[in-house]
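Here are my notes after a pass through the model. Have it open next to you while you read.

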Amino acid sequence: MATEPPFFEKYKAIFQSSADEKEKSTMVDVFEEIELPLIDLGHLNLGPFERRECIETMARAAAEWGFFQIVNHGIPEELLDRLNQEQVKVFQQPFGKKSEDKFLNLSAQSYRWGNPLATSLRNLSWSETLHLSLKDISKMDEYNNLSPRLPLQPAAYVVATMSLCHVSLPMCLISNHKTNGMITQEPFCLARSTIEEYAAEANVLAQRLAEHLAQNLGIRAGYFRENCSPSSCSLRMNRYPPCPYSSIKFGIVPHTDTDFLTIVSQDQVGGLQLKRNGRWVSVKPNPKALVVNIGDFYQALSNGKYKSLTHRVIANRESERYSAAYFYCPTYETVIESCSKPSLYRRFSFKEYREQIRKDVKATGDKVGLSRFLW
């Protein structure tokens with residue numbers, strides 16, 4: 001069964017009407033490849049001078065770049081490898097299975113691909129994602145209880161029994177396969193324990209980073225602990241299939257992140273680009289480091305000191321790319337207010353911001369973002 005999303009079938013009219021765009025290389029022109037500032041978080045555990053210097057370097061990167069990469073961050077490499085393995089398992093499932101309502105018993109539209117509002121190649125995302133609200137992860141085990149118990153052949157029965165013996169760990173879908181006229185069932189299991197373990201580690205790391213960046217802003221101690229919790233955050237697994245039109249095609253269209261911070265693990269393929277000082281630059285991938293970027297909420301909270309930069313992913317012609325993004329978000333009721341006066345932005349809640357995004361996307365096909373909340 002086909003695993004790839006049907007980009008060509010779904011967006012046939014766009015490809016036909018945009019034939020002339022395939023010659024416009026200026027769409028994704030990049031002036032240079034850069035390495036993001038690299039910060040060794042191990043220095044936070046050395047003496048007070050090294051700790052202070054590390055925090056100041058981090059704050060400078062957030063102000064000048066809006067992006068930086070970190071090593072010695074405390075998340076085990078073995079856990080990151082396991083998370084990547086789970087991503088591969090998810091996206092290797094048949095497209096018909098992935099696109100079902102309640103895939104893995106998650107909320108509707110947790111699995112997404114392309115861009116339903118796309119009108120041209122310029123706003124079509126060549127990617128598929130699994131967006132996990134962390135409060136939804138516990139629902140995944142329920143899928144075992146909801147799945148029908150159909151008669152199995154002896155070998156398949158053994159496989160299923162072994163799976164059920166570990167029901168506290170995997171989240172299983174039963175895929176039917178026809179071989180020599182016989183129906184067999186093979187379990188697809190997503191390790192909930194791995195996802196929960198990574199989410200817990202990423203949440204601790206995001207909170208630490210947010211608090212370190214807040215030290216020079218006059219933000220009261222406890223702000224992030226009070227307003228952000230694991231249940232308000234989310235994890236997005238991304239896959240960017242090889243794209244025959246990679247020179248003009250976005251894996252993800254230009255955007256800013258809404259949250260306070262995003263922590264990204266990625267492979268060696270590359271494709272991340274950011275817009276800095278009015279120019280697009282390509283980020284050299286470093287699979288040994290995690291990428292951190294400032295979101296809209298931290299830019300507003302810092303009164304514009306930290307930058308939420310527009311960024312995008314360019315599709316690769318030959319290689320698929322995987323990444324996982326952890327979004328450190330507040331609760332919907334949290335009010336975002338600039339930390340200094342005069343403030344660039346008026347007060348707003350997460351709920352209000354999301355509602356404005358929804359209206360803008362419906363009206364224009366795109367997110368407008370923080371400029372809606374300027375005084």
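1. In what order do the eight strands of the open sheet run? The order is β2-β3-β13-β10-β15-β8-β5-β4, and the pairing is mixed. β2 (38-40) and β4 (111-113) are at the edges with a single partner strand each, so one side of each has no neighbour in the sheet. On average, neighbouring strands here are turned by 25° against each other, direction ignored. Some bookkeeping on terms: helices (H or I, at least four residues) and strands (E, at least two) are DSSP runs numbered from the N terminus, and two strands pair if DSSP finds at least two bridges between them.

2. A word on what you're looking at. This is a predicted model, where local features need pLDDT of at least 70 and side-chain atom pairs count only at pLDDT 80 or more, while totals for chains, interfaces and linings use all residues. Residues are numbered from 1 along each chain as its sequence is written, and side-chain values use heavy atoms, with hydrogens and water left out.

3. On confidence: pLDDT is the predictor's confidence in each residue, from 0 to 100. The protein averages 84, and 82% of the residues score at least 70. I'd flag residues 174-179, where pLDDT stays under 50 and the model has 15 contacts beyond four places in sequence (contact means heavy atoms within 4.5 Å). Residues 181-185 are also below 50, and that stretch has 15 contacts beyond near neighbours in sequence.

4. Overall make-up: there are eleven helices and 17 strands. Taking contacts between residues at least 6 apart in sequence, 78% join residues at least 24 apart.

5. β2 pairs with β3 (residues 67-71) in the parallel sense over three bridges, and L38 has Q69 in β3 as its bridge partner. Helix α3 (residues 48-64) packs on the sheet and touches β2, β3 and β13 (290-294); its direction makes about 155° with that of β2. Axes are lines fitted to C-alpha atoms, for helices over the stretch in contact, and angles run from 0 to 180 degrees between N-to-C directions.

6. There's another open sheet, with five strands in the order β1-β12-β11-β14-β9 and mixed pairing. Its edge strands are β1 and β9 (250-255), each pairing on one side only. β1 (residues 33-34) joins β12 in the parallel sense over two bridges, with E33 opposite S282. β12 (residues 279-283) is mostly covered, as four of its five residues are buried.

7. β11 (residues 272-276) runs antiparallel to β12, joined by four bridges, and K275 stands opposite W280. The two strands form a hairpin with two residues between them, and N277 in the turn has a positive phi of about 55°. Three bridges join β11 to β14 (residues 311-314), again antiparallel, with L274 opposite H311.

8. Two arginines are worth a look. The charged end of R276 sits over the ring of W65, 3.6 Å from its centre, and that of R312 sits over the ring of W280, 3.8 Å from its centre. The criterion is NZ of Lys or CZ of Arg within 6 Å of the ring centre and within 35 degrees of the ring normal.

9. How many aromatic pairs does the structure hold? There are 23, where rings of Phe, Tyr and Trp (its six-membered ring) pair if their centres lie within 6.5 Å; planes under 30 degrees apart count as stacked, over 60 as edge-to-face and the rest as tilted. F103 and Y111 are edge-to-face, at 6.5 Å centre to centre with 75° between the planes. F103 is buried at 5% relative accessibility, and Y111 is buried at 10%.

10. F224 and Y298 have ring centres 5.5 Å apart and planes at 45°, so this pair is tilted. F224 lies in α9 (residues 223-227) and Y298 in α10 (residues 296-301), so the pair ties together parts 74 residues apart in sequence. Both residues are buried. They also belong to a cluster linked by ring pairs, whose members include Y306, Y328, F350 and F373.

Note on methods
Buried < 20%, exposed > 50% of the residue type's maximum accessible area, 1.4 Å probe, protein only.
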